[in-house]
Amino acid sequence: MDNSAENAAELIEQLQAEIAQLKRENANLTALNRRAEEKLFAALDGNGLCLWEQHIPSGNLTIFNMRWGELLGFSREELAAHIDSWKSKLHPDDKDWVIKAFDDHVSGKADYYQVIHRMLHKDGSVSWVSDRGRIVERLADGTPLRMMGSHIDITQEKRYEIDLALLAHSDPLTNLMNRQAISQAFDGCLQSGGRGGLFFIDLDGFKALNDHYGHKLGDTLLMHIADTLVLHAGELAHIARLGGDEFVILMPTSKVAELETLAQSLLEAYRQSFILEGCEVEIGLSIGIDIFGANDSFAESCDRADAAMYRVKHQGKHGYCFSVQTDDTNLISRT
């Protein structure tokens with residue numbers, strides 16, 4: 001074999017060795033990449049986060065670590081992986097401003113896209129998501145080509161947040177407002193109209209019933225009272241349980257005739273005994289009513305209504321009394 005043939009053979013052998021080495025390195029890199037993806041996707045799946053990419057000219061979407069539509073309960077056949085499908089599942093109350101935030105980034109008005117919004121699940125429920133993204137590739141003329149981002153399901157966190165807000169502003173037994181919430185509603189009433197009526201209601205005979213039948217029946221009775229107040233006061237009223245057997249109704253009217261009509265309907269509802277949880281219950285309502293104005297505070301109005309309520313207690317119970325007697329109000333009216 002001449003030198004040229006030997007050199008060629010050596011070159012081929014060398015190239016084959018290099019190719020074999022490159023294949024081994026490629027296999028190692030592929031394995032490392034696969035393990036890195038597994039770790040990344042495991043971490044992403046654990047917190048409900050997915051990575052997405054949009055090809056902007058076509059509107060096509062790709063999710064890398066889960067099936068498209070999975071977060072909303074859809075299959076790919078049911079929901080095409082396209083920007084229009086995403087838009088169609090935005091909550092109607094959020095749709096316009098979310099799309100605007102997205103378009104503002106694509107058009108260069110915003111440095112990135114980042115929103116927290118609601119989407120519609122296949123089962124009819126609402127999912128909360130934290131969505132963010134930015135342009136990662138442009139054409140030579142600057143036209144956006146690709147956008148990448150993350151999409152996190154925060155439904156459980158939002159529900160917890162909403163529940164905490166409800167607990168902070170509502171009575172846990174009756175689901176009525178608590179003192180803080182009714183005080184805020186009072187301030188809102190002043191801002192919108194300046195006048196209204198505040199009912200302070202204390203139950204007659206509640207302690208005796210609670211002691212005789214037990215706290216379970218007492219709680220059931222309080223919920224019954226709450227439902228009655230809601231039914232008679234109407235949608236515009238704000239109703240609270242201050243604690244124990246004390247309730248407040250905030251009415252957006254200062255018309256004496258309307259306030260008297262509500263008081264009389266509440267008294268009529270409990271004029272006779274009734275059966276609750278198999279027990280005969282007889283309960284009364286002592287109602288103090290204050291007509292407040294723009295210069296009043298909730299505490300001041302509540303104190304006046306409370307004092308009027310005690311006048312009812314001292315003069316026979318199960319009646320109503322206005323805090324200030326005028327020509328068109330009766331000091332005491334009882335069933």
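Figure 1. Arg304 is partly exposed, because its relative accessible area of 28% lies between the limits of 20% for buried and 50% for exposed residues. The structure shown is a predicted model, and Arg304 belongs to helix α9, which spans residues 298–314. Beyond its neighbours within four places in sequence, Arg304 is in contact with Asp290, Ile291, Phe292, Asp296 and Ser323. Ser323 stands 19 residues from Arg304 along the chain, and the C-alpha atoms of the two are separated by 5.7 Å.

**Figure 2. The open five-stranded sheet.** Five strands form an open sheet with antiparallel pairing, in the order β2-β1-β5-β4-β3. The edge positions are taken by β2 (60–63) and β3 (113–120); each has a single partner strand, so one side of each is left without a neighbour in the sheet. From one strand to the next, the twist averages 30°. Helix α3 (residues 95–106) packs on the sheet and touches β1, β3, β4 (126–138) and β5. The direction of α3 makes about 150° with that of β3.

**Figure 3. Strand β1 and its two partners.** On one side, β1 (residues 49–55) pairs with β5 (residues 144–153) in the antiparallel sense over seven bridges. Four bridges join β1 to β2, and these two strands also run antiparallel. Trp52 has a bridge partner in each of the two neighbouring strands: Gly149 in β5 and Ile63 in β2. A hairpin is formed by β1 and β2, with four residues between them. In its turn, Gly59 has a positive phi of about 85°.

Figure 4. Leu61 and Ile63 make up the covered face of β2, whereas Asn60 and Thr62 make up the uncovered one. Ile63 is also a member of a separate core of 20 residues, which includes Trp86, Leu90 and Val129.

**Figure 5. The largest nonpolar core.** This core contains 35 residues, of which Phe199, Ile249 and Ile283 touch the most other members. Helix α7 (residues 215–233) gives the most to the core, contributing seven residues. Apart from residues up to four places away in sequence, Ile283 touches Leu203, Asp204, Gly205, Phe206, Leu209, Leu221, Ile225, Tyr270, Phe274 and His318. In soluble globular proteins, nonpolar side chains tend to be buried together.

**Figure 6. Packing of helices α7 and α8.** Helix α8 (residues 256–269) packs with α7 at an angle of about 140°, and the two axes are 10 Å apart. The crossing of α7 past α8 is right-handed. On the α7 side, the contact is made by Thr228, Leu229, His232 and Ala233. Helix α8 contributes Leu262, Ser265, Leu266 and Ala269 to this contact.

**Figure 7. The protein as a whole and the confidence of its prediction.** The protein has nine helices and 13 strands, and buried residues make up 41% of its 335 residues. Among contacts between residues at least 6 apart in sequence, 57% join residues at least 24 apart. The mean pLDDT is 86, with 90% of the residues reaching 70 or more. Over residues 326–335, pLDDT stays under 50, and the model has 30 contacts beyond four places in sequence for this stretch.

Note on methods
Residues are numbered from 1 along each chain as its sequence is written. This is a predicted model: local features need pLDDT of at least 70, side-chain atom pairs count only at pLDDT 80 or more; totals for chains, interfaces and linings use all residues. Side-chain values use heavy atoms; hydrogens and water are left out. Buried means under 20% relative accessible area, exposed over 50%, partly exposed in between (1.4 Å probe, protein chains only). Contact means heavy atoms within 4.5 Å. Two strands pair if DSSP finds at least two bridges between them. Axes are lines fitted to C-alpha atoms, for helices over the stretch in contact, and angles run from 0 to 180 degrees between N-to-C directions. pLDDT is the predictor's confidence in each residue, from 0 to 100. A nonpolar core is a set of buried Ala, Val, Leu, Ile, Met, Phe, Trp, Tyr and Cys residues joined through side-chain atoms within 4.5 Å. A crossing is left-handed if the near helix is turned anticlockwise from the far one by less than a right angle, and right-handed if clockwise.
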